[in-house]
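Visitor: I should like to learn how to read some backbone features. Please begin with the terms.

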Amino acid sequence: MGRVEINPDTSNRTLPKAATGIQGLDDITSGGLPRGRPTLVCGSPGCGKTLLAIEFLVRGAVQYAEPGVFMAFEETSEELAQNVRSLGFDLEALARENMLRVDYVHVERSEIEETGEYDLDGLFIRLGHAIDSIGAKRVVLDTLETLFGGLSNAAIVRSELRRLFRWLKGKGVTAVITAERGDGTLTRHGLEEYVSDCVILLDHRVTEQLSTRRLRIVKYRGTTHGTNEYPFLIDDTGISVLPVTSLGLQHTASGERTSTGIPRLDEMLGGEGVFKGTSVLVSGTAGTGKTSVAAHFVDAACRRGERCLYVASEESESQLTRNMRSIGIDLEPWTANGALRFHAARPTAYGLEMHLATLHKMVNEFDPTVVAVDPISTFLNAGTAREAEAMLTRLVDFLKGRQITAVMTNLTHGGTAAERTEGGISSIIDTWLLLRDIELGGERNRGLYVLKSRGMAHSNQIREFLLTDRGVELNDVYVGPEGVLTGSMRAAQEAREKAVTLTRQQEIERRQRELETKRQALDAQIEALRAKFEAEQSELELIIGQEEAAAQRLRDDRKDVERIRKADRSAAERSDA
Amino acid sequence: MKVNPDPEPQEEGPLRLVEVAAAETVDPAMWDLRLYVAGKTAKSVAAFENLSRICEEHLAGKYKIEVVDLLVHPQLAQGDQIVAIPTLVRKLPEPIRKVIGDLSNAERTLVGLQLRPARSGAEDAS
């Protein structure tokens, strides 16, 4: 390939780039399209090439003050203006401000006879005139390949196109050239041969009747770029490319806890609820109360003054609000004050990538702290299991990356193991609550337990899950020799136990009374013995006293006798001593 | 098809070739031809010479050739949807016809100008 011009900026480490202003595209191209060089945008019909090109010009003019020239080979400027008006692009106004020039090039083979040598100087002159008249920095050629249809001498067209790309580089304009995708090749006429700096491929795939648009950077010389296929959306704000697959595992783990809105459940989760920015999965069979748990979560977050996004794929907003009111959760004030936003759409409405892309966009706009997806299982209907798994992984990664707590519900089918979650997403889930039916004694009750909860000491207990008019309540289940009992059986069992306990209590009391009587009898006996002893004691003391008195008297008497007999002193002293 | 109104009066540009004006009035029988060129290149000169010869042979006295140099009047390229150079545009009689190239093949030029039907023209050539 004969590249003549050498961009003086290539000596720099980074290639100079022209930001497209298209959401996401500048991220995956690390800054935009190569400045001063042509970029080829190819794709099948209806994949959004023209729109991407026009958005590149409009955003360039509006956001970066770079005027642009749109050379249209397929649509007249009126048609073009009309087509993009719905996206809020006012081409006429931009043209009036000399920020945009649209030149419609019409080459009609049936009107043209060719004879002898010619070149495409007319095209060069028109383009050059348009560029110079407004000092354009950006140029779009849409779709250049029409020339091959309009002119029969392909050799001339080819050599002239080669010259055109060189000329564009020489002009220093950042150009976008669109081209139809060929059979097995990037473009039908091999334009990729001439444009070697940057090639972007757009794709519009329909799988199982669901369409998804994707964008891929096929090559981008001299710079790093994302190599994946990125889904993109075309909506009322233009194109948004979502670099959803480029997410890594770099998200920081928060130590902060978030209440689930059910005090008893918080208690089960280490007493404080789940970690902020983690993913919570509530799975269970139909009618086990998954939505109620999610609603509690959302309600609690709104109460704390946080913003929540509720993605409902089975119920409409009003239906959900009404149903939650029946269990005492009023979501209406939160929607009214803007804390809660609903996004209700059937997953089958469009492809998974589109859903993911829409969610991304909504999250980016609304910036919630809690996102509830109710239920994720319906997404499985919108694509293959593998795609659904990939989509959910990316969704969870994306939310985690933004420190958003995700509450997802999943409908498991009866018959399959309750622990089995489709999509195999269990590994990306941090806290997994399992709701299950407990069928006993002719009734069906709900049980809840924490299947796993990363990073905390969580309860291993099954709790009975009750839906009351004050919301969800968790009760202890009866766990005894007769197994786990819930509902009325638990109540009956509890009554039975109460009766048994009562009988035992009475028996104990009877025995205690008997013991008391015995103690009293013993005490009486002890008392009697003591009285008897005391009587004997006093009698004996009396006798002892008498005896001592008698002995004293005897000694006194002897002294008197000695005194009377005037016994010798020594004898008297001796006796005194 | 958008038909441009009469072009702006031609200036006497340095690169302007020749202008053969047979009549000023718009006569329905008149052939109004316009040759777009970009500078005085070999192709341009050849095209003009070939055109003059063909016109003299087939349309003597009832044609008008106007040469537009796009290097001087780039804004005129858009009106007649000029892409290739040189391009001969038959403005009148309608419908508009275009012949691109240096007009070296007289037969094809005549076919392009509808002075000769395409099929018979090809037979004549052979």
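Guide: Helices (H or I, at least four residues) and strands (E, at least two) are DSSP runs, numbered from the N terminus. This is a predicted model, in which local features need pLDDT of at least 70, side-chain atom pairs count only at pLDDT 80 or more, and totals for chains, interfaces and linings use all residues. Residues are numbered from 1 along each chain as its sequence is written, while chains are lettered from A and ligands numbered from 1 in the order in which they are written.

Visitor: Where is Thr143(A) placed?

Guide: Thr143(A) sits in the loop between β7 (138-142) and α6 (146-150) of chain A. The peptide bond that leads from Asp142(A) to Thr143(A) is cis, with omega near -15°. In chain B, the bond from Ile85(B) to Pro86(B) is also cis, with omega near -5°; Pro86(B) belongs to the loop between α2 (76-79) and β3 (87-92).

Visitor: Is Ala65(A) buried or exposed?

Guide: A residue is buried if 20 or more other C-beta atoms, placed from the backbone, lie within 10 Å of its own, exposed if 12 or fewer, and partly exposed in between. Ala65(A) has 9 such atoms within 10 Å and is therefore exposed. Its phi is positive, near 55°, although Ala65(A) is not a glycine.

Visitor: How far apart are the end C-alpha atoms of helix α9 of chain A?

Guide: The expected span of a helix is 1.5 Å times one less than its number of residues. For the 14 residues of α9 (290-303) of chain A this gives 20 Å, and the end C-alpha atoms are 20 Å apart, which agrees. In α9(A), 13 of the 14 residues are buried.
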